[in-house]
Amino acid sequence: MNAVIYCRVSTKKEAQESSLARQKEELQRFASESGFSIYRMIEEKHSGYDIDRDGILEVLDLLKEGQVEALLIQDETRLGRGNAKIALLHAVHKYGGTIYTVNQNGELQLSEADSMVLEIVSIVEEFQRKLHNLKIKRGMDKAVKEGYRPQRNLSQQHHGGRDRVEVPIEEIVNLRNRGLTFHEVAATLKGFGHNVSKATVHRRYKEHVDEQSEKH
């Protein structure tokens, strides 16, 4: 099993160098004894309460991309502390990774409190996903009911290029005139194959209005 080793100390003081070196040594020995193949070793000096860490974000990328299946740490506090720890535990689980610690000499066993919080987070995330999909469906249903016909617009889908997202401005104006909010317009267009955000829809609509005003 491919694994990434993650070591962290909270400060850049020289006294922490020995702690970092000890973590690396213990984790390399643990990986060897447990049969892990070390894909990458990442170390950083940063507060565990902060989630904006280059090292841990690289770990999540490796898990998300499927390059590693396991994360090896000395103990759960090396991953993070407080809310940052919970967020990272959830992300690792979401990407299909398994955490192993030297401290527990095996797979990380969460406390009952942490397990309960993670379960709640997962439930909330699932309901957020369902609400998002329902908003898209409601926007699509409302647009079709008001006369929007997506069949003739599917050929306008954008393929490639990120300099400027192509959006069907005529349809944005049409849907706005039918009473849809910018959020509903964006959700509706996404449902019909146009990957645009609410901000993009709002910006392009404003540009269109400004252009029309200049013409008159």
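In the predicted model, V4 has L71 of strand 3 as its bridge partner. The pairing to which strand 1 (residues 2-9) and strand 3 contribute is parallel and extends over three bridges. Helix 1 (residues 17-34) packs on the sheet, where it touches strand 1, strand 2, strand 3, strand 4 and strand 5, and its direction makes about 160° with that of strand 1.

The sheet itself is open and consists of five strands in the order 2-1-3-4-5, with mixed pairing. In total, the secondary structure of the protein amounts to eight helices and five strands, which follow one another along the sequence in the pattern β-α-β-α-β-α-α-β-β-α-α-α-α.

Helix 4 (residues 82-94) comprises 13 residues and spans 19 Å from its first C-alpha to its last, which is close to the 18 Å expected at 1.5 Å a residue. Its buried residues are A84, K85, I86, L88, L89, H90, A91 and V92. The cover over these buried residues includes helix 2 (54-64), strand 3, helix 3 (76-79), strand 4 (98-101) and helix 5. Helix 4 is followed by G96, for which phi is positive, near 80°.

Considered over the whole chain, 36% of the 216 residues of the protein count as buried, and the accessible surface comes to about 13,100 Å², of which 48% belongs to carbon and sulfur atoms. Among the contacts with a separation of 6 or more, 67% are accounted for by residues 24 or more positions apart.

Among the elements of secondary structure, confidence is highest in strand 3 (residues 70-73), at a mean of 97, and lowest in helix 5 (residues 112-145), at a mean of 79. Over residues 153-164 the pLDDT stays under 50, and for this stretch the model has 13 contacts beyond four places in sequence. Where pLDDT is low, the predicted coordinates should not be read in detail.

How values were computed. Residues numbered from 1 in each chain as written. Predicted model: local features only at pLDDT ≥ 70, side-chain atom pairs only at ≥ 80, totals over all residues. Heavy atoms only, no water. pLDDT = per-residue confidence, 0-100. Helix = DSSP H or I, 4+ residues; strand = E, 2+ residues; numbered from the N terminus. Contact = heavy atoms within 4.5 Å. Expected span 1.5 Å × (residues − 1). Buried < 20%, exposed > 50% of the residue type's maximum accessible area, 1.4 Å probe, protein only. Areas by Shrake-Rupley, 256 points an atom, 1.4 Å probe, with all protein chains shown as cover. Pairing = 2+ DSSP bridges. Axes fitted to C-alpha atoms, helices over the stretch in contact; angles between N-to-C directions.
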